[in-house]
Amino acid sequence: MNLRRFIRMLESAFDEFLPEAEREKTKGEGGLYPMHLREKIDEMNEWVYEKINNGVYKTGFAATQEA
């Protein structure tokens, strides 16, 4: 699953278990994935995935230190 989809899923996936006032859809621009910050959040998520998450994964399969 790509990280962007995962973040979007978490934004409201558990809303049904919360009281109405605590749900993401009632927080407007103050939620986990506010509209005005989505582009920056997506850019940061891509960077974190490529440089950190995927980098650690690739390191585990490297045959040489140069790889």
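Author: A residue is buried under 20% relative accessible area, exposed over 50%, and partly exposed in between, with a 1.4 Å probe and protein chains only. The model is a predicted one: local features need pLDDT of at least 70, side-chain atom pairs count only at pLDDT 80 or more, and totals for chains, interfaces and linings use all residues. Residues are numbered from 1 along each chain as its sequence is written, and side-chain values use heavy atoms, with hydrogens and water left out.

Reader: Why is Arg-23 called buried?

Author: The relative accessibility of Arg-23 is 17%. Buried means under 20%, so Arg-23 counts as buried.

Reader: What makes Glu-20 partly exposed?

Author: Glu-20 has 44% relative accessibility. That value falls between the limits of 20% and 50%, and therefore Glu-20 counts as partly exposed.

Reader: Why is the contact between Arg-23 and Glu-20 called a salt bridge?

Author: A salt bridge is a side-chain nitrogen of Lys or Arg within 4 Å of a carboxyl oxygen of Asp or Glu. The closest N and O atoms of Arg-23 and Glu-20 are 3.2 Å apart, so the pair meets the definition. In general, side chains of opposite charge can pair when their charged atoms come close. A search of the whole structure finds one salt bridge.

Reader: How do you know that Phe-17 is exposed, and where is Phe-17 found?

Author: Phe-17 has a relative accessible area of 62%. Exposed means over 50%, so Phe-17 is exposed. Phe-17 is found in the loop between α1 (3-12) and α2 (38-61); helices here are DSSP runs of H or I with at least four residues, strands are runs of E with at least two, and both are numbered from the N terminus. The protein has two helices and zero strands.

Reader: Why is Gly-28 called exposed?

Author: Gly-28, which lies in the loop between α1 and α2, has 55% relative accessibility. This is over 50%, so Gly-28 counts as exposed. The C-alpha atoms of Gly-28 and Arg-8, 20 residues apart along the chain, are separated by 15 Å.

Reader: What makes Ala-63 exposed?

Author: The relative accessible area of Ala-63 is 80%. That is over 50%, and therefore Ala-63 is exposed. Ala-63 lies in the segment after α2, and its C-alpha atom is separated by 36 Å from that of Leu-10, 53 residues apart along the chain.

Reader: How many of the residues of the protein count as buried?

Author: Of the 67 residues, 15% count as buried.
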